[in-house]
Amino acid sequence: MKAFETFETPTAARVNYLNAQYGLKSWLLTKDHKRIALLYLGSVTFFFLIGGIYAMMIRLELLTPQGDFLSSATYNKVFTQHGIIMIFFFLIPAIPASLGNFLVPMMIGAKDLAFPRINLLSWYIYLLGGVITIYALLAGGIDTGWTFYAPYSTTFSNSYVLATGVGIFVSGFSSILTGLNFIVTIHTMRAPGLTWFRLPLFIWAHYATALIMILGTPVVAITILLLAFERLAHVGIFDPAVGGDPVLFQHLFWFYSHPAVYIMILPAMGVESELIANFSRKNIFGYKFVAFSSLAIAVFGFLVWGHHLFVAGQSVYAGLIFSFLSFAVAIPSAIKVFNWTATLYKGSISYDTPMLYALGFIGLFTIGGMTGLFLAAVAVDVHVSDTYFIVAHFHYIMVGGTLLGYLGGLHYWWPKISGRMYPEGWGRFSALVIFVGFNLTFLPQFVAGYLGMPRRYHAYPPEFQVFNVLSTAGASILGVGLVIPFIYLLWSMRYGKRAEPNPWHLPGLEWRTASPPPTENFFATPVVTWEAYEFAPPEEMQVIGRFKEETEHA
Amino acid sequence: MQTSWIPFVPESASTVSGKVDALFFYLSGVTVFFTLLISGVLTFFVIKYRRRTPHEIPRPVAGSHKLETIWSVIPFIIAMSMFAWSAQIYFQNSRSPKNANEIYVVGKQWMWKIQHSTGQREINELHVPVGRKIKLIMTSEDTIHDFFIPAFRIKADVLPGRYTTQWFEATKPGTYHLFCAEYCGMNHSGMIGSVIVMQPTEFDNWLSGNSSQQSPAVAGQQLFQSLGCVSCHGANGEGGRGPALAGLFGSRVFLTNNQTLTADEGYIRESIENPSAKVVSGFSPIMPTFQGQVTPEQLIQIISFIKSLQSSNTQSATATPAVPAPKAQPQVPASATPAPNRR
């Protein structure tokens, strides 16, 4: 408590959400969406570190063709756990539950989400799921691959499948609750004057994400339940030895898990729209097209799961239909990329760190999206499916897209979240290091994949070594690039320059209140009279209410 | 199409590999073009429209329906061209040619067991001749595996409890990788082997040099007797209390529930393991299950025997009302003829 008081300088002592209350209890029982966002931020960072350690172990093992660093059993657990932790405990919650939680109410001029207690509950559920999963990892780990394919997962694996399944089952409910909260909040709590087409595109993207969360997540929950039934009670659902159908599992699993890919990328697209518009001070080109393409992705995303089953024994006609639909779902993403690029036309483009991430995002997402067409093309997918080509493709989407979007957004809103500026020079430097490291890691994997290197291989034929050495070198650079922001962001929380309410001179509602914002976000209810991304000289932009000056607060 | 001289492309050794590579080059070309176009425009804008003074506010630019239409329709047309091209290759190759030589593949943790129709067995190796169509009939003893030959650009999951097939025609002698591409547990990355493509004469020598083993059809006939199938289905599959089996494979079957199906490997297997699931019209469900009594490999042998019944006994196929005459159903050549037909 004492330490926090010196944190405030006497001249700028005012009440904000960070210093409104002190003590562990004030955090663990908070109903403030901003504090819950920080709880999520801390937790997803923790899980990202664990997933990252597994990634480094994978890359070290694959440095040489022989399986010499880890045993086969351990390697299989390591890549499985890398996938499970990164997907279910980092990528899915990362942007919506941290940045989304913080910004959805602020961007629509609300005091909080519609259901603050449910919001806190969702964090506890997420944490419970995470703790159960960590228990499973410590108790002995899981080796099924993150995809849990039956009958390996139900009959053959001797690892902690059930415990991990329970962890994922539980954490799914936190997604559902977050999605529900966002939908109700966006429908009912927009500030006066904030019509649907004045909403920032970040909100549209989160609305689309929330739809997938509440429609898709129950299906994966059901799938995991069925898997548990078969594993525990030997009820024949998936294993043909007891009368089940293994391909049924894949249908059920991908019916959720393909839309889940869009749960991971859509929020990053929302961040991207904010960054591109705000750092070029331009209204987004084709606002409605970008907004509706998010909804189109959410809807069509539910119709393409079969492209994961092209070689799984699905019928030829199903293959053709899913191939067609998978090509079609690429169009809304293409529309977004073209509109972001066109937004820059005649803009005033800054080279601040968030913009560097945003530009990197466009390049990498383009490659990630276009290589998705190779997989929609059944004839090519037959060859590259289950090879490193797939691994490279989805890392271009998940890391090049989601992670870059997340980091760009984190830097962009850091002054608002923490009330401090991050060091700009280090920010730009690490963004560049991450971009270079990422491409060096994953570009060679496209080549290794087309040459035929299968994924999930502990040892591999020596002719693939050169690509793996490049990958491991790239991953080391990427690792360093990711540690730098971790250090300077923590550093800046105490030593960074104090942030102004609106350090980037932007019109969004979140910039029209103090940094960090007060608990109730705005001192008066904002009335919105402007369009989204309507830029004006900073002195013309009104601040909502006045800052309450208080010298002392206990 | 010879592609092996192009870097970053695996050896091309089957009749489809060139077609897949050609499509791959088209997709790569489009990808490189759009990546360069977008990053080029991006770089140009970022330099040309860089912020010159801290307080400048550019004029808003209105959207353009014309541009939106252009960049929705053109990518859609390109995507459809990719779809059409890929669908054509996929559809053409989806059906195995009728005159293909059949080879049985059984996957298990962590090895490939392969048996030629003439009886030769191999483990983790597959010997095939150049220029002959080969059809793989595959199943798994435990979990899901995947039979992947990069040089042929083919791959298909190998499932427990059912049969999947894929076919190829090798074009170039050599030794190529065989990988398991579906994660199957601890030694997944050790479930690898070689595909050895030989000249036809060499291959025939290799076959006859290993001919001490029984063909699967002969082994199946012995099982057919030892398991007591003969008492209901007849020694030559002519039928009795059970439906006739001669000529069954590939024919239309009428069921007691008024449905019809084409008898394939999966149907025969189901009828052995779960006989009451699909009972032939005119018969009662009296057959006991053989689930757990026959291994996947023995199942393949019995199926292979039943398939062999049709070439010798085709005339009897029309005799019984349970299996009506297939209308101009092309007959699959018997897979178990002692010597493979030379081209």
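In what order do the five strands of the open sheet in chain B lie?

## The open sheet of chain B

In this predicted model, the five strands are arranged in the order β3-β2-β1-β5-β8, and their pairing is mixed. At the edges lie β3 (121–123) and β8 (164–169) of chain B, each of which pairs on one side only. From one strand to the next, the twist averages 25°.

Within this sheet, strand β1 (residues 101–108) of chain B pairs with strand β5 (residues 133–140) of chain B in the parallel sense, over seven bridges.

## The contact between chains A and B

Between the two chains, 69 residues of chain B are in contact with 73 residues of chain A. On the side of chain B that touches chain A, at least two residues each are supplied by the helices α1 (17–48) and α2 (65–94) and by the strands β6 (145–149), β7 (154–158) and β9 (174–180) of chain B. The most is given by α2(B), with 16 residues.

By class, the residues on this side of chain B divide into 42 nonpolar, 16 polar and 11 charged.

## Helices α3 and α4 of chain A

In chain A, the axes of helix α3 (residues 33–61) and helix α4 (residues 72–107) come within 7 Å and cross at roughly 155°. Because an angle over 145 degrees counts as roughly antiparallel, α3(A) is roughly antiparallel to α4(A). The crossing in which α3(A) passes α4(A) is left-handed, and the contact of the two helices has 24 nonpolar, six polar and two charged residues.

## Helices α10 and α11 of chain A

A further pair in chain A consists of helix α10 (residues 287–300) and helix α11 (residues 316–343), whose axes come within 9 Å and cross at roughly 155°. The helices α10(A) and α11(A) are therefore roughly antiparallel to each other, and their crossing is left-handed.

From α10(A), the residues A:F289, A:V290, A:S293, A:A296, A:I297 and A:F300 take part in the contact, meeting A:L325, A:A328, A:V329, A:P332, A:S333, A:I335, A:K336 and A:N339 of α11(A). Sorted by class, the contact of α10(A) with α11(A) has 10 nonpolar, three polar and one charged residues.

Technical notes:
Residues numbered from 1 in each chain as written. Chains lettered and ligands numbered in written order. Predicted model: local features only at pLDDT ≥ 70, side-chain atom pairs only at ≥ 80, totals over all residues. Contact = placed C-beta atoms within 7 Å. Helix = DSSP H or I, 4+ residues; strand = E, 2+ residues; numbered from the N terminus. Nonpolar A, V, L, I, M, F, W, Y, C, P; charged D, E, K, R; others polar. Axes fitted to C-alpha atoms, helices over the stretch in contact; angles between N-to-C directions. Parallel < 35°, antiparallel > 145°, perpendicular 65-115°, else oblique. Left-handed = near helix turned anticlockwise from the far one by under 90°. Pairing = 2+ DSSP bridges.
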